[in-house]
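Try each task before you read its solution.

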Amino acid sequence: MPSHLLGNSAATFWLPEQASTFAPSHDWLFYFIYWVSVIAFIGLMGTMTLFAIKYRRKSADQRTSPNEGNTMLELVWSAIPGLVFVFIFAVGFKTYIDMAAPPANAMEVRVVGYKWFWEMRYPNGTTLNNTLIVPVDTPVRLVMSSEATAPEDPAVLHSFFVPAFRTKRDVLPYRYTVMWFEATKVGEYDIFCAEYCGAGHSKMIGKVVVVPQDEFEEAMKPDGWDEETETLAEFGQRTFGDAGCTACHSTDGSKLVGPPLNGIYNHSVSLTSGESVTADENYIRESIMDPQAKIVAGYPPSMPTYAGRLTDQQIDGLIEFIKSLQ
Ligand code: CUA
């Protein structure tokens, strides 16, 4: 089969590369409508220009000849576009039905939209932020919803969009929406939030990482500290990236959604309550497990809890990493 029918074509001027089973029929219909529009535009504008020249008024006393209409011509110019529209509907409807009905054997991943990042929860307990790892040539069903990071900071509407897969679906609070895809090509593809959801909307960028089946199984193994190859602080740095902390916390002093984390260890931190605390191990641990307990002055109470999402070893690693940041 030619590659554009497998969903493996490269990007074109109008569309990103194809990387799912939906892409070929989606793109075929896009280009069908595109070329019909081009032909209709040239045909109409060309005829109009030609007639404007050919039948222009040639003398001051020339009058328009009477026109009774032409039933056959009117039937033809109604019926042909009508049939084209019905054809477009039929092809689009078929693709829509395919997209709406996930195969029964699809692998399931919970996708949660927060303000402002994506969390992917796998059935085995693995949790990834802004990264959706999936095996190639396998149907994947996403069960999606939007959750609040804190009771006083309610959940908002997002939209999960993977252009290379030609799939997009709204992600709502208090409700589950489902979408599915089957990736056809190993690689990394953008995830965008396609619904303006607030100040951090443009930061809700992630990656779908499509890997071979054996690499997927490897990636799903719980991540632990490998004492042979890295220090605890290095393990913490890795966890800092994997858990998505980098979306909201800088380590160079720049202000993101949350406070920067360099130079805070054993220093005094001012809180919104007016008090201040010393950022010791217990404070850092509490801020990971119960982020709303002590909010740093000047920042929104928008961090979700990581209780149950990080192992004790990962938390130890994060604390060690933060201690190493000067
Ligand atoms: Cu989430 Cu826009």
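Is R141 buried, partly exposed or exposed? R141 has a relative accessibility of 26%, so R141 counts as partly exposed. The scale behind this calls a residue buried under 20% relative accessible area, exposed over 50% and partly exposed in between (1.4 Å probe, protein chains only).

A note before you go on: this is a predicted model, in which local features need pLDDT of at least 70 and side-chain atom pairs count only at pLDDT 80 or more, while totals for chains, interfaces and linings use all residues. Residues are numbered from 1 along each chain as its sequence is written, and side-chain values use heavy atoms, with hydrogens and water left out.

**Exercise 1. Salt bridges**

Task: find the salt-bridge partner of R141, then compare the pair with two others.

Step 1. Start with the rule: a side-chain nitrogen of Lys or Arg must lie within 4 Å of a carboxyl oxygen of Asp or Glu. The whole structure has 14 salt bridges.

Step 2. R141 meets E108, at 2.5 Å from N to O. E108 sits in strand β1 (residues 107-114) and R141 in strand β5 (residues 139-146), so this pair links distant parts of the chain, 33 residues apart. Strands here are DSSP runs of E with at least two residues, helices are runs of H or I with at least four, and both are numbered from the N terminus. E108 is partly exposed, at 36% relative accessibility.

Step 3. Now take K94 and D98, whose closest N and O atoms are 3.0 Å apart. Because they are four residues apart in helix α2 (residues 71-100), about one helical turn separates them. K94 is exposed at 52%, and D98 is partly exposed at 31%.

Step 4. Finally, R285 and D312 form a salt bridge of 3.1 Å, N to O. R285 belongs to helix α5 and D312 to helix α6, so the bridge ties together parts that are 27 residues apart in sequence.

**Exercise 2. Helix α6**

Task: check the length of α6 and work out what its buried residues pack against.

Step 1. The expected span of a helix is 1.5 Å times one less than its number of residues. With 13 residues, α6 reaches 18 Å from its first C-alpha to its last, close to the expected 18 Å.

Step 2. List the buried residues of α6: Q314, I315, G317, L318, I319, F321 and I322. They pack against α4 (232-242) and α5, where contact means heavy atoms within 4.5 Å.

Step 3. Look at the loop between α5 (281-289) and α6 (312-324), where P304 is placed. P304 is buried, at 6%. Leaving out residues up to four places away in sequence, P304 touches Y114, F117, T149, I288, P291 and R309.

**Exercise 3. Nonpolar cores**

Task: which residues touch the most other members of the largest nonpolar core?

Step 1. A nonpolar core is a set of buried Ala, Val, Leu, Ile, Met, Phe, Trp, Tyr and Cys residues joined through side-chain atoms within 4.5 Å.

Step 2. The largest core has 37 residues, and Y122, L132, L142, F160 and F165 touch the most other members. Strand β10 (residues 206-211) gives the most to this core, with four residues.

Step 3. A second, separate core holds 26 residues, including F117, L261, L271 and I315.

**Exercise 4. Aromatic pairs**

Task: are the rings of W28 and F32 stacked or edge-to-face?

Step 1. Rings of Phe, Tyr and Trp (its six-membered ring) pair if their centres lie within 6.5 Å; planes under 30 degrees apart are stacked, over 60 edge-to-face and the rest tilted. The structure holds 18 such pairs.

Step 2. The centres of W28 and F32 are 5.5 Å apart and the planes are at 10°, so the pair is stacked. Both residues lie in helix α1 (residues 23-54), four residues apart, about one turn.

Step 3. For contrast, F13 and W14 are edge-to-face, at 4.9 Å centre to centre and 85° between the planes.
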